[in-house]
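Reader: Could you take me through how to read the features of a structure like this one, giving the general idea before each case?

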Amino acid sequence: MRHAKPSTIYLKDYRAPDYLVDNTHLHFELKPKATLVKSRLKIRRNPAAGEGLPPLFLDGVDLILLSIAIDGALLSPEHYEKMPQGILVSVDKPEFFLDIQTCINPEDNTTLEGLYLSNGMYCTQCEAEGFRRITFYPDRPDIMSKFTTTIVAPKEYPVLLSNGNEISRGPCEGDHHYVTWEDPFSKPAYLFALVAGNLQYLEDCFITASGRKVKLQLFTEEKNINKGDHALRSLKNAMRWDEAVYGREYDLDIFMIVAVDHFNMGAMENKGLNIFNSACVLASPETATDATFQRIESIVGHEYFHNWSGNRVTCRDWFQLSLKEGFTVFRDAEFSADMNSRAVKRIEDVSLLRTNQFAEDAGPMAHPVRPDSYMEISNFYTLTVYEKGAEVVRMIHTLLGPRGFRKGSDLYFERHDGCAVTCEDFVRAMEDASQIDLVQFRRWYSQAGTPQLTVTDYFDETLGTYVLTVRQSCPPTPGQREKRPFHIPLKLGLLDKNGNELVLDGQGTTQCVLEITEAEQSFEFTELSEKPLPSLLRDFSAPVKIDYPYSIDQLLFLMSNDSDTFNRWDASQRLAFLALSDLQQAYRTGGVLQLQPELIAAYRSVLLNRDLEPALVAELLQLPSEQSIAEASVHIDAEAIVAAREFALQTLAEALFGEFRAQYTALNVRKSFSLSAKDIAERKLKNTCLLYLCATETADALALAQEQFDTANNMTDKAAALSVLINHAGDKQAIAAIEQFYQCWKEDAQVVELWLGQQSRSSRRGNLSAVEKLIQHPAFDLKNPNRVRAVIGGFAKGNFSQFHRSDGSGFEFLADQVITLDKLNPQIAAQQVIPITRWKRYTGDLARKMKIALKKIMDSGDLSGDLYEVVSKSLN
Ligand code: 0A1
Ligand code: ZN
């Protein structure tokens with residue numbers, strides 16, 4: 001099971017499969033420790049793969065092979081060869097039925113890949129390579145087959161689900177029953193799913209644009225059945241949206257969602273049977289925050305949209321993962337933008353990209369949107385493939401315009417329906433439909449790293465011409481020293497001294513998209529009477545870093561005048577970054593820390609401006625997180641970052657106490673709960689004010705937090721109050737709140753996870769010994785990824801100051817946890833180790849101590865392939 005050194009797989013080595021599987025019949029007899037899986041595969045030689053009858057390779061991991069037969073004749077061991085990762089079967093005819101029986105152990109399967117048990121419920125996770133843990137099979141996405149699945153189980157498991165439509169059910173001997181499912185659509189094995197359990201369900205229906213009735217069902221354990229409404233509502237919105245925006249209808253008569261507590265990722269788009277991490281589907285106002293409600297809406301949308309972008313048209317191989325993920329993230333982001341505040345959604349997505357994807361691009365695991373090699377594909381479900389991949393699709397949308405893009409997506413779906421294709425096929429469909437040349441644009445798929453744009457300008461007063469010069473470069477990444485210029489859409493506007501938009505052409509256009517294709521390029525704007533102020537990279541039109549020598553006054557001006565909401569926010573962030581950088585410098589040199597009065601004044605005017613929408617005010621008031629400050633630094637000085645941010649927060653909180661207090665009071669009116677965009681924005685603004693107020697740690701402010709904690713009628717307000725009490729109240733008050741909250745919610749898995757996460761992320765209370773205590777708490781469970789992410793991830797990824805303590809104890813703790821975790825769940829171990837893999841960017845002793853922790857992992861013996869890949873690449 002463990003590999004000494006896993007081998008590297010290359011895109012350039014892709015070969016079409018030797019054999020195709022037209023039909024797959026599966027028969028499961030479920031038992032916790034010994035499930036019997038019988039499969040019958042209708043196999044034929046792939047005419048596109050050459051001559052002769054080569055042996056057939058079937059992937060298989062952790063399986064007990066009971067028997068194997070071709071056309072009913074049992075094969076003796078000399079007809080097949082057992083290999084570490086599967087079997088090689090001799091073949092003497094071009095078409096045959098292959099019958100295989102295997103035995104698997106769901107109960108002891110802690111990897112959460114293949115078939116496993118979660119709270120007594122059977123469920124599967126087959127993407128990317130989990131099906132090979134169920135039976136021997138050519139487990140690759142370009143093998144598409146029609147599946148029929150029979151599940152036999154004791155009657156204590158009344159619900160037996162698989163993909164497609166139910167075609168029969170009935171009793172079996174000995175208190176057992178069976179259900180048979182048939183999926184009429186061909187699919188790769190990674191989209192297979194099975195669920196069996198004692199579950200309740202909510203039911204609804206959706207009438208498609210062409211008038212077909214689709215049954216919608218959401219399955220949960222009984223105790224959670226009151227938490228499914230929001231997901232079902234989101235599902236119906238997503239179905240309607242995909243019809244309206246992409247012309248895509250759902251294609252089966254039933255669509256099922258199942259919530260499970262043990263899940264490695266967010267959710268999975270199995271055909272007709274989506275399986276969700278409970279945390280990404282279950283919500284009620286008492287238990288879920290606004291952020292959770294919105295996350296659920298976007299993930300339900302994401303999985304639903306995969307039915308076309310992923311399932312009907314799938315990936316030829318795993319290097320093409322962004323074909324389905326980048327496109328589907330773009331689709332879900334637009335869906336969320338249409339359902340909520342478009343500007344806030346964009347700000348949130350760009351913050352995530354800048355903080356975490358840019359860090360990936362600058363780290364040892366940097367890879368292109370379409371990687372060209374991997375050891376373990378699970379390590380490539382990354383922000384680069386998902387979020388940067390979505391930005392790449394967004395740029396195509398910008399270059400083609402909405403109509404051209406829709407023509408392109410129609411052509412893509414029509415051309416490739418039922419096929420397993422490549423990123424190249426996607427780009428070609430976009431090109432063919434729009435006649436726009438994307439030859440150079442394709443480099444976004446093959447070159448890693450974050451491009452850097454440096455913009456300078458020049459105004460000729462006598463001629464009235466304004467020239468913008470743009471230089472682009474991209475830092476080297478592992479295996480790619482030199483980069484060729486990218487094709488970058490740079491959306492911009494020009495502002496006059498009164499903040500008005502200048503007209504850029506004869507048609508009254510005030511915004512344009514410059515197409516940057518060279519290493520250096522100049523653009524001229526004529527007939528201007530004054531030097532304009534450029535508003536660059538509006539709406540973040542490309543995933544790049546952009547440098548223009550804005551003065552503080554210019555940023556303040558953009559912050560209040562730019563018509564592009566995104567850039568108003570971006571100006572506020574640039575201001576904050578400048579201030580934080582000065583503070584870090586002062587801290588390092590032992591100087592006096594001081595926050596520029598202009599910044600304080602800018603925050604004050606934002607707070608007092610009654611014309612601004614609360615949603616935008618809340619965003620403008622956010623100080624960049626420590627993590628994002630770190631990402632923006634060339635060398636990360638963790639101590640200086642913590643000191644600078646803390647000082648800025650304190651100073652703003654004290655200087656604007658009255659304004660924060662007034663705003664808080666204005667918004668703190670008792671009303672019934674709603675999820676309207678307005679109410680969500682007001683809660684966010686109110687809780688931002690509460691956070692600043694409590695940063696002063698005055699009794700007055702903490703009393704407000706306590707009052708909110710005691711009386712809130714929704715989890716957003718309750719959790720916000722708990723968080724500030726944990727971080728700012730004295731021991732007695734904080735500990736009482738922590739304890740009271742737990743006693744109230746200890747039966748609710750999602751709330752307990754929130755509670756664990758808040759403590760381990762607390763810069764005040766989440767020190768190492770507190771986190772070590774949390775690990776001993778009965779609510780913690782190393783076998784449950786959500787608990788691991790809350791406590792270990794909360795500490796290593798969300799508690800910058802405590803994790804980066806100068807003694808390196810945080811890194812050693814992480815290393816020890818990762819070593820233990822790797823024996824249970826390699827995917828989660830490899831996800832959790834990431835913070836210490838970026839050691840090269842840290843200053844001083846921290847880099848050395850992170851490296852020691854990595855070496856400890858490397859030397860601990862048998863690593864999984866997942867963990868080995870990440871650790872070895874970061875030690876290189
Ligand atoms: N395709 C899913 C993501 C996913 C990937 C792997 C998983 O298990 C290892 C689970 C889910 C999505 O994009 O939502
Ligand atoms: Zn996805």
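Author: We shall go through confidence, a sheet, a ligand shell, helices, backbone angles and recorded domains.

Author: This is a predicted model, in which local features need pLDDT of at least 70 and side-chain atom pairs count only at pLDDT 80 or more, while totals for chains, interfaces and linings use all residues. Residues are numbered from 1 along each chain as its sequence is written, and chains are lettered from A and ligands numbered from 1 in the order in which they are written.

Reader: What is the mean pLDDT of the protein?

Author: pLDDT is the predictor's confidence in each residue, from 0 to 100. Here the protein has a mean of 98, and 100% of its residues reach 70 or more; the model also scores 0.99 for ipTM and 0.99 for pTM.

Reader: Which order do the strands of the open sheet take?

Author: Strands (E, at least two residues) and helices (H or I, at least four) are DSSP runs, numbered from the N terminus, and two strands pair if DSSP finds at least two bridges between them. In this structure an open sheet of 5 strands has the order β17-β18-β19-β21-β20, and its pairing is mixed. Because β17 and β20 each have a single partner strand, they stand at the edges, and one side of each is left without a neighbour in the sheet.

Reader: How many bridges join β17 to β18?

Author: Strand β17 (residues 200–207) runs antiparallel to strand β18 (residues 213–220), and 8 bridges join them. Along this pair, Leu202 stands opposite Leu218, Asp204 has Leu216 as its bridge partner, and Phe206 is partnered by Val214. The two strands form a hairpin with 5 residues between them, and in the turn Gly211 has a positive phi of about 95 degrees. On to the next neighbour: β18 pairs with strand β19 (residues 254–260) in the parallel sense over 5 bridges, and there the bridge partner of Leu216 is Phe255.

Reader: Which residues are closest to ligand 1?

Author: A residue is near a molecule if its C-beta atom, placed from the backbone, lies within 6 Å of it. Ligand 1 is surrounded by 15 residues, the closest being Gln125, Glu127, Asn264, Met265 and Met268. At least two residues of this shell come from each of β20 (267–268) and α2 (290–305). For classes, Ala, Val, Leu, Ile, Met, Phe, Trp, Tyr, Cys and Pro count as nonpolar, Asp, Glu, Lys and Arg as charged, and the others, Gly among them, as polar; by that scheme the shell has 4 nonpolar, 6 polar and 5 charged residues.

Reader: What span should helix α13 have, and which of its residues are buried?

Author: The expected span of a helix is 1.5 Å times one less than its number of residues. For the 18 residues of α13 (residues 638–655) that should be 26 Å, and the end C-alpha atoms are 26 Å apart, which agrees. As for burial, a residue is buried if 20 or more other C-beta atoms, placed from the backbone, lie within 10 Å of its own, exposed if 12 or fewer, and partly exposed in between. The buried residues of α13 include Ile641, Val642, Arg645 and Leu652. By contrast, Phe413, found in helix α5 (residues 383–416), counts as partly exposed because it has 17 C-beta neighbours inside 10 Å.

Reader: Which residues does UniProt list for the Ig-like fold domain?

Author: UniProt positions are given in the numbering used here, feature names are shortened, and annotations may be inferred rather than shown by experiment. The unreviewed UniProt entry lists residues 449–548 for "domain: Peptidase M1 alanyl aminopeptidase Ig-like fold", a span that is 0% helix and 43% strand.
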